[in-house]
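Please load the model in your viewer and keep the selection panel at hand.

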Amino acid sequence: MESSNAASGGSTRREATRQKLYEAAVTLIAEQGFSATTVDEIAERAGVAKGTVYYNFASKSVLFEELLRHGVGLLTASLREAAEKTEREGGSKVDTLDAMVHAGLVFIDRYPSFTQLYVAELWRTNRTWQSTLMVVRQQAVAVVEGVLREGVKNGEFSEEIDVPLTASALVGMVLVAALDWKSFQPERSLDDVHAALSRLLQGRVSGRR
């Protein structure tokens with residue numbers, strides 16, 4: 001039991017260290033770019049020795065790749081949790097999508113630097129981690145696709161919708177709108193931004209009933 005507790009404690013400490021490195025890296029890279037950010041700076045910002053970075057990650061590129069996995073994994077989990085909670089409460093598929101929009105905004109409000117970095121990296125094609133980025137992106141989009149497919153199946157959504165493209169559009173809408181909010185309209189509340197996107201989602205922009 002003692003050895004098990006020791007192993008558990010070691011794992012917890014390592015995860016805490018990796019979390020500090022993730023936070024330091026994402027902030028620095030968002031501020032000055034990947035190439036300009038050094039391992040020394042990441043270590044200093046995280047408050048650890050340089051060797052600690054290499055103990056946890058083989059290189060700066062590996063650290064960044066794992067950062068993408070970690071961040072998008074958190075986003076995917078928050079979307080899935082919102083979907084499952086709404087479905088347990090008997091909400092419609094539109095309600096489920098709306099809850100996922102809100103969850104996405106909450107995530108972005110909490111991790112604005114990561115979101116900025118993630119969106120920027122989506123447009124780059126010369127990175128060694130491009131394949132990893134595409135995999136983790138699809139994991140997030142797939143949660144939305146699942147809701148759309150169920151909505152089509154039960155007749156709530158039109159069979160004519162392009163599920164993959166619509167799912168990507170919804171995720172992209174939240175990401176871009178939230179970045180615009182954080183960068184250019186920070187005085188607006190999260191609930192205000194969510195209300196605007198909710199109206200768009202539910203087709204109430206035109207004012208028609």
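A cavity, on a 1 Å grid over the protein atoms alone, is a set of points where a 1.4 Å probe fits but cannot get out, whereas a pocket is an open set with protein on both sides within 12 Å along at least five of seven lines; in both cases lining residues have an atom within 4 Å of a point. Grid points are joined across faces, edges and corners, and a volume is the space filled by probe spheres set on the points. With those terms, a search of the whole structure finds 1 cavity of 30 Å³ or more.

This is a predicted model, in which local features need pLDDT of at least 70 and side-chain atom pairs count only at pLDDT 80 or more, while totals for chains, interfaces and linings use all residues. Residues are numbered from 1 along each chain as its sequence is written, and side-chain values use heavy atoms, with hydrogens and water left out.

**Start with the whole chain**

The C-alpha atoms fill a box of roughly 60 × 45 × 35 Å, taken along the principal axes. Of the 209 residues, 39% count as buried, a word that here means under 20% relative accessible area with a 1.4 Å probe and protein chains only. Colour by contact, meaning heavy atoms within 4.5 Å, and among contacts between residues at least 6 apart in sequence, 64% join residues at least 24 apart.

**Select the cavity lining**

Which residues lie nearest the centre of the largest cavity? Select Leu-79, Met-100, Leu-170, Val-171 and Val-174, which hold that place among the 13 residues of the lining. About 160 Å³ of space lies in this cavity. Helices H4, H5 and H8 each supply at least two residues of its lining, and H5 gives the most, with 6 residues. By class the lining has 12 nonpolar, 1 polar and no charged residues, where Ala, Val, Leu, Ile, Met, Phe, Trp, Tyr, Cys and Pro count as nonpolar, Asp, Glu, Lys and Arg as charged, and the others, Gly among them, as polar.

**Stay on Met-100 and widen to the core**

Keep Met-100 selected: not counting residues up to four places away in sequence, Met-100 touches Leu-79, Ala-82, Ala-83, Val-143, Val-144 and Val-147. Met-100 and Leu-105 have the most contacts inside the largest nonpolar core, which has 59 residues; such a core is a set of buried Ala, Val, Leu, Ile, Met, Phe, Trp, Tyr and Cys residues joined through side-chain atoms within 4.5 Å. The largest share of this core, 10 residues, comes from H8.

Leaving aside neighbours within four places in sequence, Thr-96 is in contact with Ala-83, Thr-86, Glu-87 and Val-147, and the C-alpha atoms of Thr-96 and Ala-83, 13 residues apart along the chain, are separated by 5.2 Å.

Then move to Thr-76, whose place is in helix H4 and which is also buried, with a relative accessible area of 5%. Beyond its neighbours within four places in sequence, Thr-76 is in contact with Val-136, Gln-139, Ala-140 and Val-143.

**Finish at the open pockets**

For the largest pocket, select Tyr-118, Val-119, Leu-122, Trp-123, Arg-137, Val-141, Ser-168, Val-171, Gly-172, Leu-175 and Val-176, which line it. The elements that give two or more residues to this lining are helix H6 (112-122), helix H7 (130-153) and helix H8 (163-184), with H8 giving the most, 5 residues. The volume of this pocket is about 210 Å³, and its lining divides into 8 nonpolar, 2 polar and 1 charged.

The second largest pocket has a volume of about 160 Å³. Select Gln-19, Glu-23, Val-26, Tyr-111 and Phe-114, which lie nearest its centre among the 15 residues that line it. Helix H1 (2-32), helix H4 (60-88), helix H5 (93-110) and H6 each supply at least two residues of this lining, and H1 gives the most, with 5 residues. By class, the lining of the second largest pocket divides into 8 nonpolar, 5 polar and 2 charged.

Terms used
Helix = DSSP H or I, 4+ residues; strand = E, 2+ residues; numbered from the N terminus. Buried < 20%, exposed > 50% of the residue type's maximum accessible area, 1.4 Å probe, protein only.
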